[in-house]
Structure formats: structure tokens, C-alpha cells
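Subject: Structure handover

Hello,

Here is the structure for you to look through. Please open it first, then read my notes below.

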Amino acid sequence: MPTAAPTYPGLGGFLGSRGSLMLDVVFLAMFVVVPVLAFSIYQVKIRRRYDLHKKLQLVMATILLVAVLLFELDIRINGWEQRASGIPPGTGSPYFDPAHKWSCPAGISLIVHLSFAIPTLVLWIVVVTRALRNFPRPPLPDHHSRWHTRYGWAAALGMLLTALTGWLFYYLAFVASM
């Protein structure tokens with residue numbers, strides 16, 4: 001007799017894991033964001049296409065802000081622990097233990113991920129806001145360039161580390177099975 005598909009709170013994802021819709025969306029979005037971010041940096045550093053860099057950054061910032069807000073709503077309302085644990089019990093991640101949520105491998109990977117994701121979000125907002133306030137229109141190098149370059153690189157590295165640690169957490173919590 002076939003077993004019914006597990007039911008978790010919230011909308012189910014589309015990647016075939018235990019992840020929710022928004023977990024899957026953010027997981028895939030980072031596969032787009034990282035190369036687009038690299039392309040944007042290439043455009044400004046090598047090609048000197050400042051306006052294209054600005055447009056790409058604003059589009060990415062807007063899309064990521066909306067995705068992160070929807071993702072946070074999903075996590076706050078529906079949680080993630082039940083999906084990591086699996087339904088029925090014993091079908092979840094071997095790397096997640098609800099009794100030791102923050103000391104199991106999935107929990108530790110989430111802590112590491114958040115230690116990059118939260119500062120990167122704040123830094124990216126600061127870098128984009130300062131760029132909009134300080135660069136001329138159309139954007140060209142000026143007195144703000146040195147600061148923007150330094151903290152822009154930090155934000156880009158933070159975004160890469162956020163993506164890598166997010167992918168690791170996603171695998172440990174929602175893909176790996178017992």
C-alpha cells in the first residue's frame with residue numbers, strides 16, 4: 001500500500017527535498033546571485049560600466065530583499081525543524097537532532113550561515129544606500145569610490161560565504177536522509 005506524501009506546515013518546495021517553497025526559492029536564487037554579482041563586479045572593475053553595475057546591484061538588492069522578507073515570514077510562521085526532522089519520524093536528516101537543535105551538524109551549520117547572512121545583509125544595505133547618496137548621477141568614480149570599493153568587496157565576499165553556508169545548511173537539514 002503506497003504511503004501518503006508527508007505534509008509539512010506551509011507550501012512545499014519544488015526541488016524534491018523536504019524544503020519549503022521559500023527555502024527552495026532562496027536556495028536557487030543564490031545560484032543566480034553569485035554569478036550576477038561576479039559579472040557586475042567585472043563590469044565595473046574591468047569594463048568601467050558604472051551604470052550597468054549600479055543597475056545590476058539595485059535589481060539584485062531589490063529581488064534579494066523581497067525574497068529574504070518572504071523567506072523570513074515563511075520560517076517565522078512555519079519553522080524549519082519539522083521539515084528537517086522528517087515525517088514520519090525517522091525519515092529526516094541524519095544531521096538534525098531536534099533535542100540538540102543548536103549543537104547538531106545542521107544547527108551548527110545554520111549558526112555559521114547566520115553569522116555571514118545577517119552582517120552581509122546589513123553591509124549590503126549600507127553599501128547600496130551610501131552609493132545612492134554619494135555617487136554622482138550618472139555614476140562615476142569620485143571621493144566615495146575608495147570606501148565603496150573596500151566595503152563592496154567585503155559585501156561581495158559576505159554574499160559568497162552566505163551562499164556557500166546556506167547551501168550546506170540546506171543539504172544537511174533538508175536533502176540528507178536517514
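Gly13 counts as partly exposed, at 34% relative accessibility. Here buried means under 20% relative accessible area, exposed means over 50%, and partly exposed is in between (1.4 Å probe, protein chains only). Please note that this is a predicted model: local features need pLDDT of at least 70, side-chain atom pairs count only at pLDDT 80 or more, and totals for chains, interfaces and linings use all residues. Residues are numbered from 1 along each chain as its sequence is written, and side-chain values use heavy atoms, with hydrogens and water left out.

Gly13 sits in the segment before α1 (21-45). Helices are DSSP runs (H or I, at least four residues), numbered from the N terminus. Setting aside neighbours within four places in sequence, Gly13 is in contact with Gly19, Ser20, Leu21 and Asp24. Contact means heavy atoms within 4.5 Å. Now compare sequence and space. Gly13 and Tyr151 are 138 residues apart in sequence, and their C-alpha atoms are 35 Å apart.

Gly10 is also in the segment before α1. At 40% relative accessibility, Gly10 counts as partly exposed. Not counting residues up to four places away in sequence, Gly10 touches Asn78 and Arg83. Gly10 and Gly90 are 80 residues apart in sequence and 21 Å apart in space, C-alpha to C-alpha.

**How the helices pack**

Start with α1 and α2. They pack at an angle of about 165°, and their axes are 10 Å apart. Axes are lines fitted to C-alpha atoms, for helices over the stretch in contact, and angles run from 0 to 180 degrees between N-to-C directions. The two helices α1 and α2 are therefore roughly antiparallel to each other. The cut-offs are these: under 35 degrees is roughly parallel, over 145 roughly antiparallel, 65 to 115 roughly perpendicular, and the rest oblique.

The crossing of α1 and α2 is left-handed. That term applies if the near helix is turned anticlockwise from the far one by less than a right angle; clockwise would be right-handed. Residues in the contact include Met22, Leu23 and Val26 of α1, and Tyr50, Leu52 and His53 of α2. By class, the contact of α1 with α2 has 19 nonpolar, four polar and one charged residues. Nonpolar covers Ala, Val, Leu, Ile, Met, Phe, Trp, Tyr, Cys and Pro; charged covers Asp, Glu, Lys and Arg; the others, Gly among them, are polar.

Next, α2 (residues 50-78) against α4 (residues 105-134). Their angle is about 140°, with axes 11 Å apart. That makes α2 oblique to α4. The crossing of α2 past α4 is left-handed. On the α2 side are Lys54, Gln57, Leu58, Met60, Ala61 and Leu64, which meet Trp124, Val128 and Leu132 in α4. This contact of α2 with α4 has seven nonpolar, one polar and one charged residues.

**Salt bridges**

How many salt bridges are there? The count comes to three. A salt bridge is a side-chain nitrogen of Lys or Arg within 4 Å of a carboxyl oxygen of Asp or Glu. Side chains of opposite charge can pair when their charged atoms come close.

- Lys55 pairs with Asp51 (3.0 Å, N to O). Both lie in α2, four residues apart, about one turn of the helix.
- Arg76 pairs with Glu72 (3.0 Å, N to O). They are also in α2, separated by about one helical turn. Arg76 is exposed, at 65%, and Glu72 is partly exposed, at 27%.
- Lys101 pairs with Glu81, with the closest N and O atoms 2.4 Å apart. This pair links distant parts of the chain: Lys101 is in the loop between α3 (81-85) and α4, Glu81 is in α3, and they are 20 residues apart.

**Backbone points to check**

Most residues other than glycine have a negative phi, and most peptide bonds are trans. Arg48 is not a glycine, yet has a positive phi of about 60°. Arg48 is in the loop between α1 and α2.

The peptide bond from Ile87 to Pro88 is cis, with omega near -5°. Pro88 is in the loop between α3 and α4. Another cis bond joins Arg137 and Pro138, where omega is about 0°. Pro138 lies in the loop between α4 and α5 (145-175).

Best wishes
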